[in-house]
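Please keep the structure open while you read.

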Amino acid sequence: MKHLLLLHGALGSKNQFDELKTYLTDHFKIHDLNFSGHGGRPAKGEFGNELFAENIDEYLSEYNIDQCSIFGYSMGGYAALYFAKEYPQKVDKIMTLATKFNWTPESAAKEVKMLNPEKIAEKVPHFADLLKKRHGTENWESILQKTAAMMLALGNGDALTEHDFKTISCETLVAVGDADRMVSIDESAKVANLIPSGKLKVLNGVEHPIEKVNKQILANTIILSLQ
């Protein structure tokens, strides 16, 4: 059976894949991880492509995995593609879902506006409580701040370039929901076309939050594309 690594999104944790994994265990050897600073894992440096790629590489080394396929949701998809660029021999296939690629100073500033801990605690207290439960009461504000800094850096030159996407050699499925209000079909299609073995899949009625995605349908798509 092939190894499959699941990578969570920004502000997320590996626990968000618990239901999804139940549909995948008969088809893959399933792996997941919390990125640095997420899900109670201690933070090691600033969030960004290099740190998250290091997290992936350390995990594969720890479990003696020479090569795996990767499913990455949102930020996890971005990390997967960066990792494939840096370590092409370690990646078989990739599927991304709801991954934002259009990073500019303006788009980053728009996303960062939604990551203010004080405003979240005041206006969306249930989300603040969720983040506290997911990452720890002492860590949730730091995660928001580090994520905001990462997004601003992406918007100011740290994002993957067209040349970077063209160097990714593995088969890649770029998936996006047609009801996603954070990620456009156009930006997803552009990246799918830049990757030499890239394909685009538009999922009908799928919104951005992983919690709102039908896990059985998603699992079927992963199986078809990565097995």
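## About the model

This is a predicted model, in which local features need pLDDT of at least 70 and side-chain atom pairs count only at pLDDT 80 or more, while totals for chains, interfaces and linings use all residues. Residues are numbered from 1 along each chain as its sequence is written, and side-chain values use heavy atoms, with hydrogens and water left out.

## Overall shape

The protein has ten helices and six strands; these are DSSP runs (helices H or I, at least four residues; strands E, at least two), numbered from the N terminus. Its C-alpha atoms fill a box of roughly 45 × 35 × 35 Å along the principal axes.

Of the 227 residues, 52% are buried, where buried means under 20% relative accessible area, exposed over 50% and partly exposed in between, with a 1.4 Å probe and protein chains only.

Start with helix α2 (residues 49–62) and helix α3 (residues 75–86), whose axes come within 9 Å and cross at roughly 75°. Axes here are lines fitted to C-alpha atoms, for helices over the stretch in contact, and angles run from 0 to 180 degrees between N-to-C directions. The two helices, α2 and α3, are therefore roughly perpendicular; angles under 35 degrees count as roughly parallel, over 145 as roughly antiparallel, 65 to 115 as roughly perpendicular and the rest as oblique. Residues making the contact include Phe 52, Ala 53 and Ile 56 of α2 and Tyr 78, Tyr 82 and Phe 83 of α3. By class, this contact of α2 with α3 has nine nonpolar, one polar and two charged residues. Ala, Val, Leu, Ile, Met, Phe, Trp, Tyr, Cys and Pro count as nonpolar, Asp, Glu, Lys and Arg as charged, and the others, Gly among them, as polar.

The axes of α6 and α7 lie 8 Å apart, at an angle of about 100°, which makes α6 roughly perpendicular to α7. Here Ala 128, Leu 131, Lys 132 and His 135 in α6 meet Trp 140, Ile 143 and Leu 144 in α7.

## Buried helix faces

Helix α7 (residues 140–158) has several buried residues, including Trp 140, Ile 143, Lys 146, Met 150 and Leu 154. The buried residues of α7 pack against α2, α3, α4 (105–112), α5 (117–123) and α6 (125–135).

In helix α9 (residues 185–194), the buried residues include Glu 187, Ala 189 and Val 191. Among the elements covering the buried residues of α9 are α8 (162–166), β5 (171–177) and β6 (198–203).

## Residues worth a look

Which residues does Gly 77 touch, not counting residues up to four places away in sequence? Gly 77 touches Gly 72, Thr 96 and Thr 99. Gly 77 is found in helix α3 and is buried, with a relative accessible area of 0%.

Ser 74, in the loop between β3 (68–73) and α3, has a positive phi near 55°. Ala 98, in the loop between β4 (91–97) and α4, has a positive phi near 60°. Ser 74 is buried at 13% relative accessible area, and Ala 98 is buried at 2%.

Definitions and conventions. Contact = heavy atoms within 4.5 Å.
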